[in-house]
Amino acid sequence: MLQRRARVVIAILVVITLTFAILDLRGGKGPFATLRSVVGTALGGVERAGATIFSPVLGIGSWWGTWGDQRETIAALEAENSSLRGLVHRAAEDRARADALDGLLKVAGAGRYRIVPAEVIAVGPEQEFSWTVTIDIGTQDGIERDMSVINADGLVGRVAAVHRTTSTVVLIVDPSVSVGARVAGSEEVGILSGTGDLSSLEFQMLNPLADVKTGEALVTFGSKNGKPYAPGIPIGQVTSVRGTAGQLTRVAAIEPFADLSALTIVGVVVRPPRTDPRDSVLPSRPQVEPTAAASPNPSGSAAAPTLSPATPVPSPKAS
């Protein structure tokens, strides 16, 4: 009896299951479609909420791996960037050195000075001098004491001490230095003295009545056998004059052409020119264009052009 009931119940459940399965296969329009839709919507919301909550935790492994790769990439890019900056910096230094050497060779060629190029390797006071630099050439390069030292802009100083591979150069701004100088374009000479100021020298003319104007340039007067100073080397230009003509204390302030605070490539004059180059080493000044035509002389006496009786008057037809 019990087995019969069980078989009936199983048969009923099978029939009900098959019925629901057939209804569901008919396009989802069966009696469970709405229930299935509600359950799907609810489970979808739960799934999205779970993904939102647990996705950061589940993504830690992927993020860690990605962050490690990015860290290696950033380190490689930083090393490459540092290397490129070094190359750019060295390239700029090489260009500056090449420009300085090119300018030095032009000055040496214009004045016919035989020079030995050198590089400044140290700056600082030495011996009894306050302003000196050390260059990387010495007796093995033919350098001797009291040779002139120049750069692309003009006079730098003279060799004060020589060693086998290095030399000490005392700069023209040192207070102990005096240089015989000449005003360019004239025969007026004087004594140029260092002041300890890198941007200013003092020039006292031997002739107190001589006139010197702002903007005029000075060159070295020259010494016997070119030591300590070869002739014709540009020194600087007049920036101001104290006193009036005739005063013994009349002194001109001179701004050096060479930037003595930024010395890199210099040249030691090992042989001066046979003849004084005079002003030929000075850079050419820009030509000033006339701004107005000359006005006629109202008096018409001294400066007005006159015709002598013997001067033939040109005929208009001849032109």
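Trainee: How do you know that β7 and β8 pair?
Mentor: Two strands pair if DSSP finds at least two bridges between them. β7 and β8 share five bridges, in the antiparallel sense, so they pass that test. Strands here are DSSP runs of E with at least two residues, and helices are runs of H or I with at least four, numbered from the N terminus.

Trainee: What am I looking at, and how far do the values reach?
Mentor: This is a predicted model, where local features need pLDDT of at least 70, side-chain atom pairs count only at pLDDT 80 or more, and totals for chains, interfaces and linings use all residues. Residues are numbered from 1 along each chain as its sequence is written, and side-chain values use heavy atoms, with hydrogens and water left out.

Trainee: Which strand pairs with β8 over four bridges?
Mentor: Strand β11 (residues 251-256), in the antiparallel sense. Look at Q204 in β8. I191 stands opposite Q204, and Q204 also stands opposite V251 in β11.

Trainee: What makes the side chains of β8 alternate?
Mentor: In a regular strand the side chains alternate between the two faces of the sheet. Strand β8 (residues 201-205) shows this: L201, F203 and M205 point to one face and are buried. Buried means under 20% relative accessible area, exposed over 50%, and partly exposed in between, with a 1.4 Å probe and protein chains only.

Trainee: Why are K227 and E144 called a salt bridge?
Mentor: The term needs a side-chain nitrogen of Lys or Arg within 4 Å of a carboxyl oxygen of Asp or Glu. The closest N and O atoms of K227 and E144 are 2.5 Å apart, so the pair qualifies. K227 lies in the loop between β9 (217-220) and β10 (234-242) and E144 in the loop between β2 (132-135) and β3, so the pair ties together parts 83 residues apart in sequence. The structure holds eight salt bridges.

Trainee: Why is E187 called exposed?
Mentor: E187 has a relative accessible area of 58%, so it passes the cut-off for exposed. E187 forms a salt bridge with R278, the closest N and O atoms being 2.7 Å apart. The pair links distant parts of the chain: E187 in the loop between β6 (178-183) and β7 (189-194), R278 in the segment after β12, 91 residues apart. R278, at 31%, counts as partly exposed.

Trainee: How do you know that the length of helix α3 agrees with its residue count?
Mentor: The expected span is 1.5 Å times one less than the number of residues. Helix α3 (residues 60-111) has 52 residues, so it should span 76 Å, and its end C-alpha atoms are 76 Å apart. Just after α3, R112 takes a positive phi of about 60°.

Trainee: Which residues of α3 are buried?
Mentor: They are G68, A100, G103, L104, V107, A108 and G111. Their cover includes β1 (114-123), β3 (148-150) and β12 (265-271).

Note on methods: Contact = heavy atoms within 4.5 Å.
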